[in-house]
Amino acid sequence: MTHSRLPGTAVPDAQAPELRVERLLVVTAGSAFATGMPYWIDWLRLSYPELAVKMVLTASARRFVTRQALAGRLHRHGEVLFDEWPEDEGTARHVELAEWAQAVVVYPATFHFTARLALGLADSPALLACHCTRAPVAVAPALPPGGLESAAFQTHWAALTARPNVVLVPPHPGISMTTGRADAWVPPLLPEVIGMLEKRRAQLEAGRPDRDPRTPGEFVADLVHP
């Protein structure tokens with residue numbers, strides 16, 4: 001089924017799955033779907049009133065959403081950071097993030113961010129925290145036309161699938177803002193991501209991380225031809 005949802009579209013009936021953590025790190029990369037993050041922060045606050053949230057905005061995400069649009073929604077239950085090491089900071093931001101987070105969501109995850117994560121690059125606090133944390137990390141991609149089918153992305157997907165604490169949340173077919181056709185791949189709704197994140201957290205806690213037995217090619221074929 002093709003999703004006609006466009007960036008920033010609200011989904012008022014989204015139901016909240018169970019989430020058994022107290023501290024959630026949300027990394028937002030530079031997709032147009034980052035424009036919807038104020039809505040999703042409101043949803044998180046309403047759905048999980050006691051949840052503490054730290055957000056990290058990549059440099060490209062700041063083209064689509066501002067710190068001011070997010071910080072006020074977190075009130076005393078979180079903060080919004082930029083994905084950079086401040087020159088005047090006396091502590092290691094990546095260490096603090098990795099140790100603070102009980103779960104991590106990368107939403108939306110761009111092709112570029114996913115590739116950097118899969119390759120083990122650690123040139124920003126968010127990336128290094130994702131590499132070093134023991135917490136479950138859910139990655140929800142938003143991809144351009146042809147992105148999911150590309151050999152490069154499938155290689156990165158396979159690399160991340162091999163990591164026990166990483167869960168890849170499949171994107172859905174959607175409308176490209178550039179072509180106007182149903183040839184893009186949009187991130188699932190945040191409740192779906194939270195549900196898969198909690199499932200992986202429970203598996204890790206039980207010592208039984210589950211992995212998708214399909215190859216990247218088989219996985220893509222299943223998405224394109226359900």
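**Salt bridges and a buried helix face**

Glu84 and Arg62 form a salt bridge, with their closest N and O atoms 3.6 Å apart. Glu84 sits in the loop between strand S3 (78–82) and helix H3 (93–100), and Arg62 in the loop between strand S2 (52–57) and helix H2 (67–74), so the pair ties together parts that are 22 residues apart in sequence. The model is predicted. The chain has eight helices and eight strands, and its salt bridges number eight.

**The Glu84–Arg62 pair**
- Glu84 is partly exposed, at 39% relative accessible area.
- Arg62 is also partly exposed, at 36%.

**Other salt bridges**
- Glu18 pairs with Arg20, and the closest N and O atoms are 3.9 Å apart. That pair counts because the limit is 4 Å.
- Glu18 is exposed, with a relative accessible area of 52%.
- Arg20 is exposed too, at 58%.
- Asp183 and Arg181 meet through their side chains in a salt bridge, at 3.0 Å from N to O.
- Arg181 is exposed, with a relative accessible area of 51%. The label applies because exposed means over 50%.
- Glu198, Arg201 and Glu205 are joined in a network of salt bridges.

**Helix H1**
- Helix H1 covers residues 37–47.
- Its buried residues are Met37, Pro38, Trp40, Ile41, Trp43, Leu44 and Arg45.
- An α-helix has 3.6 residues a turn, so residues three or four places apart point the same way.
- What do the buried residues of H1 pack against? Their partners are strand S1 (23–28), S2, H2, strand S4 (103–109) and helix H7 (190–206).
- Arg45 is on the buried list of H1, whereas Arg20 is exposed.

**The chain as a whole**
- The chain holds 226 residues, and buried residues make up 49% of them.
- Take the contacts between residues at least 6 apart in sequence: 78% of these join residues at least 24 apart.
- The chain exposes about 10,700 Å².

Conventions:
Residues are numbered from 1 along each chain as its sequence is written. This is a predicted model: local features need pLDDT of at least 70, side-chain atom pairs count only at pLDDT 80 or more; totals for chains, interfaces and linings use all residues. Side-chain values use heavy atoms; hydrogens and water are left out. Buried means under 20% relative accessible area, exposed over 50%, partly exposed in between (1.4 Å probe, protein chains only). Helices (H or I, at least four residues) and strands (E, at least two) are DSSP runs, numbered from the N terminus. Contact means heavy atoms within 4.5 Å. Accessible areas come from the Shrake-Rupley method with a 1.4 Å probe; for residues, only the protein chains shown count as cover.
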